[in-house]
Amino acid sequence: MARFESTGLKALGDNRYEIAGTLTLKGQSRDIAIPVLMKKDPAGNEVAEGAFTLQRLDFNLGDGQWADPDVVADDVQVKVKMVLPRVA
């Protein structure tokens, strides 16, 4: 199970934000910052999209031969999309 707990939000301008928080995977926690771009979808909902890179070995992801970064890269690109419905 993965868990992200936000601790802060910083406006960067031009509908861009940085969400700071703690990511926990397999019992390992790391502080991260996720850059996101806010936009509206056709239904009028706010949509936050972003991406960040994590090092899978920091979270003990991959056992045995898969633990070797020459077999599977340590860097993993994570994409995030959150749809925030309009509040009436």
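These legends describe close-up views of a predicted model.

**View 1. Five strands make an open sheet.**
The strand order is S1-S2-S3-S4-S5, and the pairing is antiparallel. S1 and S5 stand at the edges. Each of these two has a single partner strand, so one side of each is left without a neighbour in the sheet. Neighbouring strands of the sheet are turned against each other by 25 degrees on average, direction ignored. Strands of a sheet pair through backbone hydrogen bonds, either parallel or antiparallel.

**View 2. Strands S1 and S2 form a hairpin.**
S1 covers residues 2–13, and S2 covers residues 16–25. The two strands run antiparallel and are joined by 10 bridges. Pick out Phe4: its bridge partner in S2 is Leu23. Between the two strands there are 2 residues. Asp14 lies in this loop. Its phi is near 50 degrees, a positive value in a residue other than glycine. Is Asp14 buried or exposed? Asp14 has 73% relative accessibility, so it counts as exposed; the cut-off for that class is over 50%.

**View 3. S2 and S3 form another hairpin, with 2 residues between them.**
Here, 10 bridges join S2 to S3. The strands run antiparallel. Which residue in the turn has a positive phi? Lys26 does, at about 50 degrees. Lys26 lies in the loop between S2 and S3. Lys26 is a residue other than glycine. Further along the pair, Ala20 stands opposite Ala33 in S3.

**View 4. S3 and S4 are joined by 5 bridges.**
These strands also run antiparallel. S3 spans residues 28–40, and S4 spans 46–55. Lys39 stands opposite Val47 in S4. Val36 stands opposite Gly50 in S4. How many residues lie between the strands of this hairpin? There are 5. Gly44 takes a positive phi near 90 degrees in this hairpin.

**View 5. Ala20 sits in strand S2.**
At 25% relative accessibility, Ala20 counts as partly exposed. That class lies between the limits of 20% for buried and 50% for exposed. What does Ala20 touch, leaving aside neighbours within four places in sequence? Its contacts include Phe4, Glu5, Ser6, Thr7 and Gly8. Ala20 is also in contact with Ile32 and Ala33. Take Gly8 from this set: Ala20 and Gly8 are 12 residues apart along the chain. Their C-alpha atoms are separated by 5.1 Å.

**View 6. Ser6 and Thr7 both belong to strand S1.**
Ser6 counts as exposed, because its relative accessibility is 53%. Thr7 counts as exposed too, because its value is 66%. Leaving aside neighbours within four places in sequence, Ser6 is in contact with Ile19, Ala20 and Gly21. Thr7 touches Ala20 and Gly21, not counting residues up to four places away in sequence. Now look further across the model. The C-alpha atoms of Ser6 and Val71 are 33 Å apart, with 65 residues of separation in sequence. Thr7 and Phe52 are 45 residues apart in sequence and 17 Å apart in space, C-alpha to C-alpha. In a regular strand the side chains alternate between the two faces of the sheet.

**View 7. The largest pocket has a volume of about 170 Å³.**
By class, the lining has 11 nonpolar, no polar and 1 charged residues.

Technical notes:
Residues numbered from 1 in each chain as written. Predicted model: local features only at pLDDT ≥ 70, side-chain atom pairs only at ≥ 80, totals over all residues. Heavy atoms only, no water. Pairing = 2+ DSSP bridges. Helix = DSSP H or I, 4+ residues; strand = E, 2+ residues; numbered from the N terminus. 1 Å grid on protein atoms, 1.4 Å probe; cavity = no way out; pocket = protein on both sides within 12 Å on 5 of 7 lines; lining within 4 Å. Points joined across faces, edges and corners; volume = space filled by probe spheres on them. Nonpolar A, V, L, I, M, F, W, Y, C, P; charged D, E, K, R; others polar. Axes fitted to C-alpha atoms, helices over the stretch in contact; angles between N-to-C directions. Buried < 20%, exposed > 50% of the residue type's maximum accessible area, 1.4 Å probe, protein only. Contact = heavy atoms within 4.5 Å.
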